[in-house]
Amino acid sequence: MIENGGYQAAAARYLLPTSTTEYLDIVAEYKRTNGKGNIKRIERIQNFHLWRKFIGEEGAINNQLKPKKTEVKNLWHGTGTTPSQTITDGTEGFDMRYADR
């Protein structure tokens, strides 16, 4: 658990080794969809509370869209010199103030 101002986010951070399939797939998808910027490292950040919220919202939307389903997309977030913890350890689990930088 990460404590931040009384908020506990069930977030875990994993540095992906460059030799893994997950890393290589992400690099290929990033280059295919953007192709700009240098990748220095890739971290997978897992937040159990946000994931549960996402699954609940996705289910509600799918119920409204029947028989169609939602189309989930990947989100890449580069940080420049901002530590990734600054973005992910906010009181909501993701600090939107950094979303457009």
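A salt bridge is a side-chain nitrogen of Lys or Arg within 4 Å of a carboxyl oxygen of Asp or Glu. In this predicted model, Glu-58 is buried but forms no salt bridge. The nearest side chain of opposite charge belongs to Lys-69, at 8.1 Å.

Glu-58 is part of helix α2, which covers residues 48-65. Apart from neighbours within four places in sequence, Glu-58 is in contact with Thr-70 and Val-72.

## Helix α1

Helix α1 runs over residues 21-33 and has 13 residues. From first C-alpha to last, α1 reaches 18 Å, close to the 18 Å expected at 1.5 Å a residue.

The buried residues of α1 are Tyr-23, Ile-26, Val-27 and Tyr-30. Viewed down the axis of α1, these buried residues fall within an arc of 100°, so they line one face of the helix. An α-helix has 3.6 residues a turn, so residues three or four places apart point the same way. On the face of α1 turned away from the buried side are the exposed residues Thr-21 and Arg-32. Gly-35 follows α1 and has a positive phi, near 75°.

## The nonpolar core

Five residues make up the largest nonpolar core: Leu-16, Tyr-23, Ile-26, Val-27 and Ile-42. Among them, Tyr-23, Ile-26 and Val-27 are also buried residues of α1. In soluble globular proteins, nonpolar side chains tend to be buried together.

With neighbours within four places in sequence left aside, Ile-42 is in contact with Tyr-14, Leu-15, Leu-16, Tyr-23, Ile-26 and Val-27.

Definitions and conventions. Residues are numbered from 1 along each chain as its sequence is written. This is a predicted model: local features need pLDDT of at least 70, side-chain atom pairs count only at pLDDT 80 or more; totals for chains, interfaces and linings use all residues. Side-chain values use heavy atoms; hydrogens and water are left out. Helices (H or I, at least four residues) and strands (E, at least two) are DSSP runs, numbered from the N terminus. Buried means under 20% relative accessible area, exposed over 50%, partly exposed in between (1.4 Å probe, protein chains only). Lys and Arg count as positive and Asp and Glu as negative; His and the chain ends are not counted. Contact means heavy atoms within 4.5 Å. A nonpolar core is a set of buried Ala, Val, Leu, Ile, Met, Phe, Trp, Tyr and Cys residues joined through side-chain atoms within 4.5 Å. The expected span of a helix is 1.5 Å times one less than its number of residues. The arc is that of the directions from the helix axis to the C-beta atoms.
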